[in-house]
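Subject: Structure for you to look at

Dear colleague,

I am passing on the structure that we talked about, and below it you will find my notes on what turned up.

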Amino acid sequence: MKQFLIIFNIIFTYILLPAQDSIKTTPKVITSNTKFGLALSGGGAKGFAHIGILKVIDSLGIKVDYITGTSMGGILGGLYAMGYNGDQLKKIVYDTNWKRVLSNKIPYNKVNISEKDEYNKYIIEFPVEGGLPSLPSSFIEGQYMSEVLNTLTFPAKHINDFSKLQIPVQLTSSDIVNGGLVMQKKGSLPLAIRATLAIPAAFAPVYIDGKLLVDGGLDRNFPVQEVKDMGSDYIIGGYTGFRLFTKKEIENPMKMIYQTHAFHSVQDFNQQKKMSDILVDFVAPLNDYTTKDFKNYKEIIKIGEQEARKHIPEFIALANEQRKLGIIYDHKLIEEIKKPTIKFTYSEDNGTPLNNHSEVESIKSLMGLSEGKYYDAKTVNESIDKVFGMRQYEKVYYTYTDSEDGLIMNIFIKRVKAGAFKLALHYDNEQSVGIIVNYTYRNIENRFRALATLDISERFKGRLQFQKFMDKNFRWWISAEGTTSHLKSNDFLLRASNEFDSETVNSNSSDFIYRNTTANTAINYIITPNSMASLGMEYNTEKLNRSADKIGQFITGYSYDNKVYQHNNFDLFFKFNQNSLNERYYPTSGNNLQIISKYYFGDQYNLYDLENIQPALYNYLNPADLYYYIPKNLLSLAINENFVFPVTKNISIKANAFLGTHFSSKNSDQNLEKTPYLFLNQKYNLGGSEYNFSGINPEFNGLRQKEVPTNSFAKLGVDIQYNLYKNLYLTPSFHYGRASNDLSPFTKEGSDIYGYGLNLGYESILGPININVSKNNAINFWRVYFSIGFKF
């Protein structure tokens, strides 16, 4: 029945469609010795239209003997030569994450746990050369693209001569150093495909046999002559390349630049098309699309199918001639030969062998592959991801060389520049607007990273960090870090105490600035690429100042010290972090578990002249007040689990469970009747609508960031994230918690709190944009929060 419908559709189309201009009036004579070629042009995303031609060829059973391709035509042509059919290639295009292909980003769960803190936090990064920031040579290195190509071509990894594929194929590329067309006939098929699509400046060029190669469209966008040189007598061509803009259009300076390059390509096309026997020219039908419209793949493929069907009479005539002559269509995917990997080689991307034995051993250890075993594509790609996830290399990829005894796996690396200068912007309606500036220095040979980050804003923040791996296996590492932040305090209890003191000092500012500075050092162990444990020591000093109210003091004639509170202490800490979230922002799967425990000691504090200026605030902050007792041997424990799982393609549920509690030595009966006193840096601070990466300050609906400090807290939360459109997310949420001034939240002194809210989020090039409205039963009015950009 299916065959009948196909034949009926072909006959129906043949009868109803008018004759096409491209049908030759004098058909070429076809014999049993005639060889049939297929030439597919480049055109970026427009090249998806070629799938229409391939589907017609398959539906009519037309045999193809040779293939040439450029850029997208090279991808589809190379895969078709392996035996993929048109329908399979259409499904591959539909299933591919083109947003990820066209970026340098990898899933968050493939970034090593030691690097997650700095990943996807900046708008732009500039490599530093000669002490100055410089532009990268290309925008996209193509790490994920290489992974996709290696996976699709894995069944043919043992074939190093492209003439031995199901259909012999040659792919165009251009030598960007010496100039000239280079036809890829042998070597690694995925690497050859990667070279033919390397649009200069957009995609990084590819080294093959000592030549630096880019998109073959520079020299031959429509390789008809080349498929003829392979031996083709009858040629089918698909063209999705350049067109010339009109006089009006080139008033746009970018189109003027484009036009200068298009002249050569269009002139060459006019020569190449004369050698085509069937030509499907997609230029006019795709006039509304550009080479970068990968997001419109469905529409482009549909147009390609429609245009190819307009040439059905020509294709039918060819199919009939082949059948008359007994030419058989036998197109099927090549079967993988499962050979063991007998040897590994390690080189820089230009082919120079790695001579640093320590670096080679580190790569070996991270990959975890052994000689003499067979590995499937998934295992190999995961091993490459482990190396790339350390972020020491801009690109890590592999090829195979066949031998009698098995396969030789060749690993290539491209090191990151030692220095990188990074920038980000941010704004939120609770703190301030700022520019984040970062400088990161890496030394691959000595396995260390050092960085300095500043948030240049009214609410200044800074961070210095150093980490160094101690072993070649990248398991043990030491770290040292210093941070400082000057933020407007949202502490509700501070504001409440201030209200009690308002009659005492009329000129008091209602705002406080909280300054916190830390310095820590730790020894860390990576358990898995997504989990680690740390043991270390930290020094912390915190200060609370009133916002300066010079005008108020001048009017009232009353001057007072703006210093309110100062405290410093030490702690020994243990941290465990397991993070498999697939994205840093708006994740759709994975989990992030944080366990943090601290033992505090060495407390010192100063309340200045607070007793005379603001007695109520003094009573709140004074550990010697009769209302308090000071816990001995104080130990904190925070457990924060965020689990995200997809329900449908567009809906994910995030479940959050948080427990923040303290333990101390047994106290006297008298002390048990009092409230334990904890310094500000020992409390858990509730509030905020955005995920807090610190792990100890849980977000909660209806509260500002860190608005409610409490001695202990337990929380359950559920967020339902709905992907409205592309990068736009709508997330309703419900939070329930129990807070207490005791060391445990589960005593009778605890108070229940619940909140609900709605967040509209958008993942932009500037970073996440969030608009949140929320409310809770403790503060019974709606709160609105807006933020844009990457956070410090």
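Which residue stands opposite S787 in strand 33? It is D428, and the two strands concerned, strand 14 (residues 419–428) and strand 33 (residues 783–789), pair in the antiparallel sense over three bridges. Please keep in mind that this is a predicted model, in which local features need pLDDT of at least 70 and side-chain atom pairs count only at pLDDT 80 or more, while totals for chains, interfaces and linings use all residues. Residues are numbered from 1 along each chain as its sequence is written, and side-chain values use heavy atoms, with hydrogens and water left out.

Strands here are DSSP runs of E with at least two residues, helices are runs of H or I with at least four, both numbered from the N terminus, and two strands pair if DSSP finds at least two bridges between them. Strand 33 also runs antiparallel to strand 32 (residues 767–776), to which six bridges join it; N772 stands opposite Y785 there, and the two strands form a hairpin with six residues between them.

Elsewhere, D277 sits in the loop between helix 9 (253–272) and strand 10 (278–281). D277 counts as buried because its relative accessibility is 6%, where buried means under 20% relative accessible area, exposed over 50% and partly exposed in between, with a 1.4 Å probe and protein chains only. The side chain of D277 reaches the backbone nitrogen of I235 at 2.8 Å.

Methods
Polar contact = N/O pair within 3.5 Å; in protein donor to acceptor, adjacent residues only side chain to side chain.
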